[in-house]
Amino acid sequence: MSLLPAEIHAALVQLLQALTASDNNIRSRAEEQLSTEWVQARPDVLLMALVEQIQCSEDPVTRSFAAVLFRRIATKTRKDPTTGETKELFVTLQQAQKVAIRQKLLECLTGEALPHVRNKIGDAVAEVARQYADYNESWPELLGVLFQTSQSTDSGQREGAFRIFATTPGIIEKQHGDTVLTAFTRGFKDEDVAVRLAAMEAFASFFRSITKKDQQKFYALIPDILSILPPIKEAQDSEQLTKALIALIDLAEVAPKMFRHLFHNLVTFSITVVQDKELSDHARQTALELMATFADYAPQMCRKDASYTTEMVTQCLSLMTDIGMDDDDAADWNDSDDNEVDESDQNHVAGEQCMDRLANKLGGQTILAPTFNWLPRMMTSSAWRDRHAALMAISAISEGCRDLMVGELDKVLDLVVPALRDPHPRVRWAGCNALGQMSTDFAGTMQEKYHQVVLSNIIPVLESVEPRVQSHAAAALVNFCEEAEKSILEPYLDELLNHLLVLLQSPKRFVQEQALSTIATIADSAEAAFGRYYDTLMPLLFSVLRQEQSKEFRLLRAKAMECATLIAVGKEKLGRDALELVQLLGSIQQNITDADDPQSQYLMHCWGRMARVMGSEFLPYLPAVMPPLLELASAKADIQLLEDEDQVAQVEQEEGWELVPLKGKMIGIKTTTLDDKNMAIELLVVYAQVLEAAFEPYVLEIMEKVALPGLAFFFHDPVRVASAKCVPQLLNSYRKAHGDRSQQLAGLWDKTVIKILEVLSAEPAVDTLAEMYQCFYESVEILGKGCLTGNHMAAFIQSAKSALEDYQNRVKDRLEDKTETEEGEEESEETLFAIEDDQTLLSDMNKAFHTIFKNQGPTFLPHWERLLSFYDAFITSSDPTQRQWALCIMDDVLEFCGEQSWNYNSHIIEPLVIGMGDDIPANRQAAAYGVGVAAHKGGPAWSEFVAAAIPALFRVTHHAQARQDDHVYATENACASIAKILHFNSSKVANVPEVVGHWFDTLPVVNDEEAAPYAYSFLVQLIDQQNPLVINQAPKMFTYVVQALEGETLQGQTLERVVASAKQLLTMARVDANQLLASMPPETQQTVRAYFWK
C-alpha cells in the first residue's frame, strides 16, 4: 500500500523517464528538476516515492533505476535541520520518515524476484545500513531480516543477504561470534555455488574489518572455505573460480598464517590451476597472484613449504614462454611500434612480475637455485621462447637476488651477452632488457668492472635491422650510462655518438625518440667531456625543434628539447644559442593547445634546466614560463564519485586513475593531473633556489595559491612533499629581496608558520610527516632568532606530543606482531620500511627541536617541559634510535640554554653517564658531546659532573674499535669534550697535568669538523702556555697537527692559529722540521709544505 498520493508517483515516473532519455537536453532539464524540486525541496518524499516505485512498479527497469537513484540521493549531503551539521541525506530525515522508508526497503529486498534488481536493492539497503553504522544509530530489524534471508529457500535471497554483508561488514562486526560463525558456515556449505561465493566475499570483507584478536575466532572456517574451490575447478568455471581466488587473496593479505595447516594443500591446488590451460588466463593468473600474495605477507611459510618455491619458479617460467604464439617469426612484433601494444594482461607478463616479487620477498638464497636449475637449459634451447623467458627471468630476479648475484656476474654475463647475437630478434631484445636491468640493479659494479663487456657488445646491436631491437639497445644504454662515471664513458663517446646519430635518421619515429633520450642521458653523465659533440648535435636538435608542429612529431620534439637543454652544459658553451633556444621553446609553448600534448611536461623541465644554466639571465623569460607552470601547480584534484560497479569498471579501464574506497563507495582520483601538479611545484622550487631574490614577484601568489594549500593536499602525497620543499625556498627568496627583519617577510611568515603548524598535527603519512618537520625547521632557520611566539612553540609541542604518541603505538603494534612470527622469520619488507620511516621522522623531529632551541634559547624550555615524560621513557628504551633521539635533545638543552640547563640535571646526568657506555657508537658520540657542551655552556653548576665524567670519556677513546669508521666520531667527540672540560670548566678537575698527559693520546681528530677546532684550540693554548708536557712531545704533537691538515678538519682562523702554534712549538722544542718531514709520505710532505712554508 502506497503512503504517497498518486500524483506524486505520476510526477516521479515522468521524471524517471526523462532522466533516462536519450536526448541530452531532456536529461539535463530532468537533472535540474530532480535537484531543485525534489532533493532540495522534499528529500523525504523523494526517497519514499523511490522506495514505493521499487516496491510497486511492474517495470523491472524502473525498479532497478529507482534503486540506483535511491542510493545516489541517500548519499548526498545537506545540513541536518536539527543540529546544523553537514551529514548524508538519509540520516538527516526525521525518525518516523527513516523508519517508514527503511521498512519498505526491506520489504522490497525480500519481495523482489529478479536477481539483478534485487542486487540493486541490496546496494541501497547496504548504503542505508552504512549510514546508520557511521553515525552510531541503530537499525534493529535489519540483522534479523538478513540472517533470516541468508536461510531462505530462494538461493537468490541467500546470495543477496551475503552481498549486503560484503558491502557493509560493520553491521555484523559487533554481533555474537557464534551467530556470525553459524551464518558463514551455512553459507560456505550452501548447495548453490553463487551463494557459497557470496559468503566467501562477505567473510573476506568482514574479516578485514575486525581486530586481529577477534580474527582468530574464525580460523576454524578455513577448511570449509577451501573446500569450495575444487568443485568449481572441476566444473571448469573460470569466472567463479576467479571470484573465489580473489576472496582468498583478501584473506591472505590480512592473516596469511591462518592458512598454515592447509598451506601445502592450497599450494598444490593453486599450481594445478596455473597449469590448467583449459581455464581462462585470468583464472590462472589469479591463482598465481594468490601464491605470490603469500610470498608478500608470509615469506617464511613459503620458504618452509616443501614444493612452493620449486613449483612457483617452474610455473612462472612456463608462463613466460607463453608469448608471440601467432607470430613465430616476430613479423607482427617487428611491424608494431615499441609502445604500441599493451601486454599487461598477458601470461608472460604475469610470470615476469611474479618472479620479481618472489625474488624480492623470498631472497636469493631461496630463489636462485631453482631458477638457475632451469636457465642454462633454457638458454641453449632451440625454442626462441625458452631463451627469451630465461633472459626475462634474469631481468626479473636481479634486484631481489642482488647480494648473491653480484659476485657471480661473470657467469650471468656469460649467459646474457651471447643473446645479443641471437638469430631471433625478440631474444636479442630480451638480451638488451637483461643488460639494462642489470646495469641498474648492479649499478656501480656493472659500470666499473664490466663496462668493456657491456658496451662493446651492446653498441653493435644498435646496427640491428629491426627498429624495436635498435630502440631497446639504446634504452639499455640509458640504464648503463646514467649510473656510469664520466671517466668510464669518455673512451666510448665517439662510438656511442656515431651510432646514435645514425639512429636519428631512422624512418621509425620511436627509434629517433629513444636515440635522443639516450644522447641526453650520456650528455648528463659525461658532463664537460660531452662538450666536444655540442657543435655537431645542437644544429640537428634545432632542426627538429623548428619543424612544423604536427601531432605525430610532438614526442620527438619533446625529446629534442630534453636533449638540447641537457647538452647545454654552461653559459660559455651555449653562448648565442641560448637566446635562440629559449625563443624556440617559447614558440613551441605558445602553440600547445591539446591537454595531452607530451611537450608540455618536457617543456617544464627544460625551462628549469635553462634557468640553472643561465641564472639571472633567465629572468626575462619568466613572464612567459610562469603562467602555464602556475596553472599546473594550482590544479585542483579531479575526483569522481562512482555510483555503481559499471562506473567503477569503466574507470578501471582508463589509465591515470586511482580508486579509493570511501564509506561504502568508490572515489576515482585522476592521478595524471596530480603528477603534473607535483612536477610543477618541484620546478617552482628550482626557480626559487636558482633565482633567489629575483623570484620575489611570484612568491606571494605561489605561497597563497600553491605551496600552503599543497601542504594539506591529501589526495596525493608527492604534492604535499613538493609543497613542503617549496615553502622554505619561497621564504628565502622573500628574505633575500626584503631583508631579515623586514615587515614584508614578517607578514608572510605569520601566515606561513600557522599553516605549517596545522599540518604537523594533521599529516597522516609518517614519511610525509617527516617532510613537514623538515619544512618547519628549514623555515625557522631562514627566519632566524626569535621568529616563534609562545603560541607557535605551544602548538609545535602539541603536534610533537601527538606524533610521539602515534609513534609509540606503532612500536607497540610491531612488537605485538613480532610475537606471532615464526622462528627464523625475518621482518617483512613493509615492517622494515615502516621502521625506517619512523627513524627518519624522529631524526627530522630532532632537527626541529635543535633549530627551535638554537633560535629561541631558554624561552622554549617551558613548552619543552611538557614532553619530559617522553624523553625519560626514550632515554631508557631498549631501542637505540629512541635513546639517541632523547640524548640529542638533552644536548640541545645543554648547548642553547646555558646555566638554566642545570634545572633539568636529574633528567640529563644519568642518561649521559649511561650513554657514554652505550654499545651503539652514535649514542656514545651524543653522550660524549653532551658532556662537552655542559662544560662549555653550562657554567659552574656543571663543573663537578663534568670533572667526574672524565674517566668515562677516556673509556670511550679506549674502546676496542675506537678508530674504526662507525666508532671514530664517538672517539673524537670524547677527545674534544675532555679538551672543553680542561679549557672551560676545570675547577673541579683534581689533577689537570695528569689528565692533559693522558689526553694527548686521544688525538688526532681527523674526521669530525665540529670536534677538531675545540681539540686543537686547546692544544694551541697549551703551546702558548709553553706547557712542558707539550714541548717534551713536540714531534708527536706536530704529527697530530699534520694529520688534521690531511683530514681537512680545520678551517679559517682556527687553521691559521694551529699552524702558527705548531711552528712555534717546533722552534721552542728545537726540532728539525725537515727531519720530521723526511719520515712522511711524499703526499703528506706536499700538504705540510703548502701550509707551513707558503
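Predicted model: local features only at pLDDT ≥ 70, side-chain atom pairs only at ≥ 80, totals over all residues.
1. The axes of helix 11 (residues 193-209) and helix 15 (residues 238-254) cross at roughly 20 degrees and come within 9 Å. Angles under 35 degrees count as roughly parallel, and helix 11 and helix 15 are therefore roughly parallel to each other. The crossing of helix 11 and helix 15 is left-handed.

2. Which residues make this contact? On the helix 11 side they are Val193, Leu197, Met200, Glu201, Phe203, Ala204, Phe207 and Arg208. Helix 15 meets them with Gln240, Lys243, Ala244, Ala247, Leu248, Asp250, Leu251, Glu253 and Val254. Sorted by class, the contact of helix 11 with helix 15 has 11 nonpolar, one polar and five charged residues.

3. Asn136 is not a glycine, yet has a positive phi of about 55 degrees. You will find Asn136 in the loop between helix 6 (115-134) and helix 7 (140-149). With a relative accessible area of 70%, Asn136 is exposed, since the cut-off for exposed is over 50%.

4. Gln1026 also deserves a glance: this residue has a positive phi of about 55 degrees, although it is not a glycine. Gln1026 lies in the loop that runs between helix 54 and helix 55 (1028-1032).

5. Finally, please look at the peptide bond joining Leu1003 and Pro1004, which is cis, with omega about 5 degrees. Pro1004 belongs to the loop between helix 53 (992-999) and helix 54 (1011-1024).

Key. Residues numbered from 1 in each chain as written. Heavy atoms only, no water. Helix = DSSP H or I, 4+ residues; strand = E, 2+ residues; numbered from the N terminus. Buried < 20%, exposed > 50% of the residue type's maximum accessible area, 1.4 Å probe, protein only. Axes fitted to C-alpha atoms, helices over the stretch in contact; angles between N-to-C directions. Parallel < 35°, antiparallel > 145°, perpendicular 65-115°, else oblique. Left-handed = near helix turned anticlockwise from the far one by under 90°. Contact = heavy atoms within 4.5 Å. Nonpolar A, V, L, I, M, F, W, Y, C, P; charged D, E, K, R; others polar.
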